[in-house]
Amino acid sequence: MPKMKSHSGAKKRYRITGNGKLKRGQKGKSHILTKKTRKRKADLRQTAYLASPKQERNLKSILHN
């Protein structure tokens with residue numbers, strides 16, 4: 001049976017922290033920025049973490065190497 005390939009998109013979107021959590025960027029910061037407030041855009045610059053049900057599924061897709 002051939003090796004499982006890791007998900008290329010997931011590799012680019014997530015970073016694994018030291019504790020094993022998945023760190024991700026915020027969505028909604030690429031276009032239509034004129035109607036968003038300065039505060040909202042500043043909040044979108046912060047990184048976010050995956051919720052635990054998704055985390056397990058996405059960890060598997062990243063670590064299939």
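What percentage of the contacts in the protein with a separation of 6 or more is accounted for by residues 24 or more positions apart? In this predicted model, such residues account for 58% of those contacts. The protein has three helices and three strands, which follow the pattern α-β-β-α-β-α when read along the sequence. Its radius of gyration is 15 Å, well over the 11 Å that the globule rule gives for 65 residues, so the protein is more spread out than a compact globule.

**Overall dimensions and burial**
- Taken along the principal axes, the box filled by the C-alpha atoms is roughly 50 × 25 × 20 Å.
- Of the 65 residues in the protein, 20% are buried.

**The sheet**
- The three strands form an open sheet in the order S1-S2-S3, and their pairing is antiparallel.
- Strand S1 (14–16) and strand S3 (48–49) each have a single partner strand and stand at the edges, so one side of each is left without a neighbour in the sheet.
- Strand S2 (residues 22–24) runs antiparallel to S1 and is joined to S1 by three bridges, and Arg15 has Lys23 in S2 as its bridge partner.

**The surroundings of Lys36**
- Lys36 is placed in the loop between S2 and helix H2 (38–44), where Lys36 is buried yet has no salt bridge, the nearest side chain of opposite charge being that of Asp43, 12 Å away.
- A polar atom of the Lys36 side chain lies 2.8 Å from the backbone oxygen of Gly28.
- When neighbours within four places in sequence are left aside, Lys36 is in contact with Gly28, His31 and Lys41.

Methods
Residues are numbered from 1 along each chain as its sequence is written. This is a predicted model: local features need pLDDT of at least 70, side-chain atom pairs count only at pLDDT 80 or more; totals for chains, interfaces and linings use all residues. Side-chain values use heavy atoms; hydrogens and water are left out. Two strands pair if DSSP finds at least two bridges between them. Helices (H or I, at least four residues) and strands (E, at least two) are DSSP runs, numbered from the N terminus. Buried means under 20% relative accessible area, exposed over 50%, partly exposed in between (1.4 Å probe, protein chains only). Lys and Arg count as positive and Asp and Glu as negative; His and the chain ends are not counted. A salt bridge is a side-chain nitrogen of Lys or Arg within 4 Å of a carboxyl oxygen of Asp or Glu. A polar contact is a pair of N or O atoms within 3.5 Å; within protein, one must be able to donate a hydrogen and the other to accept it, and residues adjacent in sequence count only if both atoms are side-chain atoms. Contact means heavy atoms within 4.5 Å. The radius of gyration is taken over C-alpha atoms; the globule rule is 2.2 Å times the number of residues to the power 0.38.
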